[in-house]
Amino acid sequence: MTTFADGLYQYGGQPVGNMPDGSGTTYFVDNNSGNDGNTGRSWEKAFKTLSRAQAVSDVDIARGSDRWARRNTIYFTGDRLVENLTAFPSKCDVIGVGSTDAFKQGTLQGNHTIAAGSGCRFFNVAFEPYTAADIMTLTSGAVGIEFHGCEFRATSSTVTAVSAIDSTASYGLKVIGNLFHGAFSGDVIDIGAGDVRFTEIRNNRIMGGANDGIVVTDTTTIATGYLALIADNEIYVNNVTISDGADSTFAVIGNKCVTAAAYGATSHVITVAFAAGNIVTANGATYPIPVWTDIEA
């Protein structure tokens with residue numbers, strides 16, 4: 001058992017708790033004191049950038065059969081790490097530690113268009129925009145991407161992001177237990193056309209979107225039986241809280257939604273045949289979705 005200076009208890013390079021996996025190699029990134037010429041294998045020899053850690057981790061995972069089924073870990077800190085990533089490290093956990101100003105997470109500031117990387121998971125990372133665009137754009141080359149316990153902030157200085165996550169055919173997406181905070185100018189989570197099997201968007205809190213919340217914007221598909229899921233989210237936005245695209249691909253269960261819009265298509269688009277236990281408060285009145293039905297025995 002080792003305790004690093006940030007107070008994170010670890011065994012085999014991973015925090016003890018809900019993300020135990022010490023099977024691979026551990027790397028460290030410190031934007032303040034790191035150097036991309038370092039080995040990255042300790043805080044004293046930390047890399048400076050996540051892109052350098054990603055490249056080194058991918059080489060490590062690919063180097064032989066003793067690594068192919070492993071999962072690496074990257075810890076990062078250093079106030080705001082400003083990078084525009086184009087790939088995520090495959091089969092890797094990226095964990096934010098330390099602090100940024102008064103916040104406890106490591107913060108990654110940038111607008112990322114991800115065309116490569118499979119099985120990457122983010123924990124305890126704050127994301128901020130660098131320009132007025134989507135913070136995270138996931139394409140079909142990014143498979144099995146996960147965000148757990150992260151925070152997506154709509155604004156950075158005078159810049160406001162359009163969306164927190166814009167995903168197109170990036171199947172296996174998991175967005176679980178995150179906070180989306182501030183007035184994103186577009187859909188907070190935008191799901192585009194293509195494969196959404198294994199997708200889960202659940203237990204998130206979306207607070208203050210200036211436009212829409214979770215929206216499927218084009219035709220989505222699944223393999224037989226692999227329904228996607230939007231469940232147990234708390235959503236407060238100005239307009240549409242959830243729109244499932246009416247493609248019979250998403251189950252929509254147990255969400256609590258609040259909007260200033262009038263009840264109807266301006267507050268939600270939820271396919272009732274694939275829904276249960278949702279509550280929508282629209283313009284001050286509360287409605288169950290689907291509506292409750294009294295059935296006599």
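Visitor: In which loop is Asp-232 found?
Guide: This is a predicted model in which local features need pLDDT of at least 70 and side-chain atom pairs count only at pLDDT 80 or more, while totals for chains, interfaces and linings use all residues. Residues are numbered from 1 along each chain as its sequence is written, and side-chain values use heavy atoms, leaving out hydrogens and water. Strands here are DSSP runs of E, at least two residues long and numbered from the N terminus. Asp-232 sits in the loop between strand S28 (228-231) and strand S29 (234-237).

Visitor: What is the relative accessible area of Asp-232?
Guide: Buried means under 20%, exposed over 50%, and partly exposed in between (1.4 Å probe, protein chains only). Asp-232 touches Asn-203, Asn-204, Ile-253, Gly-254 and Asn-255, not counting residues up to four places away in sequence (contact: heavy atoms within 4.5 Å). Asp-232 counts as partly exposed, with a value of 42%.

Visitor: How is Asn-111 placed, buried or exposed?
Guide: Asn-111 lies in the loop between strand S8 (106-109) and strand S9 (112-114). Beyond four places in sequence, its contacts include Glu-83, Asn-84 and Pro-129. Its relative accessibility is 14%, so Asn-111 counts as buried.

Visitor: How far is the backbone nitrogen of Tyr-130 from a polar atom of the side chain of Asn-111?
Guide: Tyr-130 is also among the residues in contact with Asn-111. From the Tyr-130 backbone nitrogen to that side-chain atom, the distance is 3.1 Å.

Visitor: Which are the edge strands of the open sheet?
Guide: Good one to trace on the model! The sheet has 10 strands with parallel pairing, in the order S4-S5-S7-S11-S15-S20-S24-S28-S31-S33 (strands pair if DSSP finds at least two bridges between them). The strands that pair on one side only are S4 (26-30) and S33 (275-276).

Visitor: Which residue in S35 is the bridge partner of Ile-279?
Guide: Strand S34 (residues 278-282) runs antiparallel to strand S35 (residues 285-289), and 5 bridges join them. The two form a hairpin with 2 residues between them, and Asn-283 in the turn has a positive phi of about 50°. The partner of Ile-279 is Pro-288.

Conventions. Helix = DSSP H or I, 4+ residues; strand = E, 2+ residues; numbered from the N terminus. Polar contact = N/O pair within 3.5 Å; in protein donor to acceptor, adjacent residues only side chain to side chain.
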